[in-house]
Amino acid sequence: ADNPIPGSKIHDVMVDNTGKIWAGVDDYFYNNESLIIKNDTSWTIYRDNNGDVPGRAHAFCQDNEGNVYAVGLTGLYKFDGAEWQDYNGWGGYPAGRVGMDVDDFGNVWIGTSTFLIKCYGNGTTSFYPPGNHHVQCVSIDDNNNIWIGTNHSIHRFDGYGNWITYD
């Protein structure tokens with residue numbers, strides 16, 4: 001079979017700039033959370049046994065240098081093509097992580113059920129969308145505006161506190 005993990009719930013899927021397919025899964029067959037990566041010929045399965053890879057990855061994004069970021073129940077991680085780097089030193093992440101993207105400056109933006117988190121250097125900043133609506137998805141345009149979809153509207157955020165709401 002072409003599926004290495006039968007009975008899995010897929011949280012997110014992304015195709016990176018090399019054509020690899022990334023998927024965050026609940027691995028019910030092995031009673032474990034996993035991340036799977038498929039290249040042209042094989043699958044690589046990462047299991048969150050020691051907290052050194054993202055468990056139950058909910059969202060992925062890739063920066064201009066080819067690094068892949070994954071956020072899951074165990075926090076935020078960066079994969080440089082060879083090794084995972086744990087960014088959990090930035091602090092805990094609330095439940096309900098639903099989307100993420102990275103801007104041209106290397107800031108990772110994570111949408112949650114409560115707010116938008118900007119992860120940068122050695123810190124984080126949280127921003128609340130107008131109306132405190134739940135963030136459902138995140139995308140960054142060519143001008144580094146952060147676009148979020150909420151449970152009520154679409155918002156454009158400049159990253160500095162200025163929001164425009166489209167509803």
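# A tour of the sheets, hairpins and cysteines

Start with an open sheet of four strands, ordered S9-S10-S11-S12 and paired in the antiparallel sense. Strand S9 (99-102) and strand S12 (123-127) are the edges; each has a single partner strand, so one side of each lacks a neighbour in the sheet. On average, neighbouring strands here are turned by 20° against each other, direction ignored. Keep in mind that this is a predicted model. Strands of a sheet pair through backbone hydrogen bonds, so display the backbone before going on.

**Stop 1: from S9 to S10**

Select S9 together with strand S10, residues 108-111. Four bridges hold this antiparallel pair. Now pick valine 102: valine 108 in S10 stands opposite. Keep valine 108 selected. On S11, the bridge partner of valine 108 is cysteine 119.

**Stop 2: S11**

Next, select strand S11, residues 116-120. Is this strand mostly covered or mostly open? It is mostly covered, with four of its five residues buried. S10 and S11 pair in the antiparallel sense, again with a count of four bridges. The hairpin from S10 to S11 passes through four residues.

Move on to S12. S11 and S12 are antiparallel and share five bridges. Select isoleucine 117 to find serine 126 opposite, in S12. The hairpin of S11 and S12 has two residues between the strands. Click on glycine 121 in this hairpin: phi is positive, near 40°.

**Stop 3**

Go back to cysteine 119. Its relative accessibility is 0%, so cysteine 119 counts as buried. Then select cysteine 137. This residue is partly exposed, with a relative accessible area of 43%.

**Stop 4: another open sheet**

Select strands S5, S6, S7 and S8. They form an open sheet of four strands in the order S5-S6-S7-S8, with antiparallel pairing. Strand S5 (59-62) and strand S8 (84-86) stand at the edges. Each has a single partner strand, so one side of each is left without a neighbour in the sheet. From one strand to the next, the twist averages 25°.

Zoom in on strand S6 (residues 68-72) and strand S7 (residues 75-79). They are antiparallel and pair over five bridges. Pick valine 71, and look across to leucine 76 in S7, which stands opposite.

**Stop 5**

Select strand S13 (135-140), strand S14 (146-150) and the loop between them. The two strands run antiparallel, joined by five bridges.

Asparagine 144 sits in the loop between S13 and S14. Is asparagine 144 buried or exposed? With a relative accessible area of 13%, asparagine 144 is buried.

**Stop 5: S1 and the nonpolar patch**

Show the surface and select Ile10, Val13, Val15 and Ile21. Together they make a nonpolar surface patch of about 350 Å². Which strand gives the largest share of the patch? Strand S1 (residues 9-15) does, with three residues. Isoleucine 10 is in S1. This isoleucine 10 is partly exposed, at 46% relative accessible area.

**Stop 6: glycine 19**

Finish in the loop between S1 and strand S2 (21-27), where you will find glycine 19. Glycine 19 is partly exposed, with a relative accessible area of 40%.

Note on methods. Residues numbered from 1 in each chain as written. Predicted model: local features only at pLDDT ≥ 70, side-chain atom pairs only at ≥ 80, totals over all residues. Heavy atoms only, no water. Patch = residues over 30% accessible without salt bridge, like charges linked within 9 Å, V, L, I, M, F, W, Y side chains within 5 Å. Areas by Shrake-Rupley, 256 points an atom, 1.4 Å probe, with all protein chains shown as cover. Salt bridge = Lys/Arg side-chain N within 4 Å of Asp/Glu carboxyl O. Buried < 20%, exposed > 50% of the residue type's maximum accessible area, 1.4 Å probe, protein only. Pairing = 2+ DSSP bridges. Axes fitted to C-alpha atoms, helices over the stretch in contact; angles between N-to-C directions.
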